[in-house]
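Student: I should like to learn how to read the features of a protein model in an orderly way. May we take them one at a time?

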Amino acid sequence: KNFLSWGEAEVNFNEDGLFLISGINLDAASSDSNGSGKTSLLESIIWCIYGNPFRDIESKDSIIRNGAKGGCLVSVEFSNESGTYRVDRYRKEIERGTGVSIFKKSENGEFVDISRGSIANTDTQIVDVIGLPYDLFNTVTYFSSHNNSRFTTLGDVDRKKFLSKLFPSLNSFFTISKPGTAFFNNTQLCCHINNITGLANAFVI
């Protein structure tokens with residue numbers, strides 16, 4: 001609600017498969033779909049989860065829709081192996097002001113507030129639940145001209161560092177053992193790295 005160019009919208013990504021997001025710019029017909037809010041829709045997700053958008057925004061209040069009264073609110077509901085969660089992030093909202101909350105669905109279907117109090121503590125909690133910090137999530141899920149951290153543009157050293165963060169168990173593969181005690185030869189190691197590289201490239205929103 002009132003996030004960037006969006007007044008109010010609800011989008012469901014529950015189904016498996018690919019999603020095509022298209023748009024029409026009603027303010028400037030010559031722009032076709034440019035400026036219609038496609039990127040803003042995806043940007044609302046990462047802002048809600050991490051408190052940071054993909055693109056550089058002039059100020060924190062700039063994410064509030066121009067002319068909107070009552071601030072902005074974005075809610076994201078998701079599920080993982082530990083349960084179903086909802087994150088609410090709001091800025092200058094009339095009732096709650098500025099902050100973030102995380103809820104977990106109970107056995108009776110109600111969302112229970114499990115926030116850790118402060119914004120900083122709750123942000124850390126959300127990252128723990130998601131399992132990916134902002135920089136890794138941004139790199140593996142969002143490829144565009146606005147994003148300069150695309151995985152495929154990284155050099156070999158930076159790819160290894162990135163994959164070690166994404167898949168901690170790979171650290172043993174990237175560690176060079178003493179002569180005669182290496183787990184894999186160079187050919188096997190390169191094949192393993194290439195397989196994981198392909199897996200990481202598959203994470204796309």
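Student: What share of the residues of the protein chain counts as buried?

Tutor: In this predicted model, 32% of the 205 residues of the protein chain count as buried. The accessible surface of the chain comes to about 13,200 Å², and carbon and sulfur atoms account for 50% of that area.

Student: How many helices and strands does the protein chain have, and which pattern does it follow along the sequence?

Tutor: The secondary structure consists of six helices and four strands. Read along the sequence, these elements follow the pattern α-β-β-β-β-α-α-α-α-α.

Student: How should confidence be taken into account, and what is the average pLDDT of the protein chain?

Tutor: Where pLDDT is low, the predicted coordinates should not be read in detail. Here the chain averages a pLDDT of 75, and 65% of the residues score at least 70. Over residues 176-205 the pLDDT is below 50. That stretch has 30 contacts in the model beyond near neighbours in sequence.

Student: Which residues touch the most other members of the largest nonpolar core?

Tutor: I63 and V87 do, in a core of 25 residues. The elements that each supply at least two of its residues are α1 (38-50), β1 (72-80), β2 (83-93), β3 (97-105), α2 (119-130) and α3 (134-141). The largest share, seven residues, comes from α1.

Student: With which residues is I63 in contact, leaving aside its neighbours within four places in sequence?

Tutor: I63 is in contact with N2, F3 and L4, and also with W47, I57, C72 and R91.

Student: What describes a pair of aromatic rings, in general?

Tutor: Two quantities do: the distance of the centres and the angle of the planes. In this structure the count comes to three aromatic pairs. One of them is formed by F3 and W47, whose rings are 5.4 Å apart, centre to centre, with 45° between the planes, and this pair is tilted. F3 lies in the segment before α1 and W47 in helix α1, so their pairing ties together parts that are 44 residues apart in sequence. Both F3 and W47 are buried.

Student: Why is the pair of Y50 and Y134 edge-to-face?

Tutor: The ring centres of Y50 and Y134 are 5.8 Å apart and the planes stand at 75°, so the pair is edge-to-face; the cut-off for that class is an angle over 60 degrees. Because Y50 lies in helix α1 and Y134 in helix α3, the pair ties together parts that are 84 residues apart in sequence. Y50 has 8% relative accessibility and therefore counts as buried, whereas Y134, at 23%, is partly exposed.

Student: Over the faces of which rings does R86 lie?

Tutor: R86 lies over the face of F103, at 4.2 Å from the ring centre. R86 also lies over the face of F111, at 5.3 Å from the ring centre.

Student: Where is the place of R65, and which residues does R65 touch?

Tutor: R65 is in the loop between α1 and β1 and is partly exposed, with a relative accessible area of 35%. Not counting residues up to four places away in sequence, R65 touches N2, F3, L4, S5, W6 and G7. R65 and K1 are 64 residues apart in sequence, yet their C-alpha atoms are 8.6 Å apart in space.

Methods
Residues numbered from 1 in each chain as written. Predicted model: local features only at pLDDT ≥ 70, side-chain atom pairs only at ≥ 80, totals over all residues. Heavy atoms only, no water. pLDDT = per-residue confidence, 0-100. Contact = heavy atoms within 4.5 Å. Core = buried A, V, L, I, M, F, W, Y, C linked by side-chain atoms within 4.5 Å. Buried < 20%, exposed > 50% of the residue type's maximum accessible area, 1.4 Å probe, protein only. Phe/Tyr/Trp six-rings, centres within 6.5 Å; stacked < 30°, edge-to-face > 60°. Lys NZ or Arg CZ within 6 Å of the ring centre and 35° of its normal. Areas by Shrake-Rupley, 256 points an atom, 1.4 Å probe, with all protein chains shown as cover.
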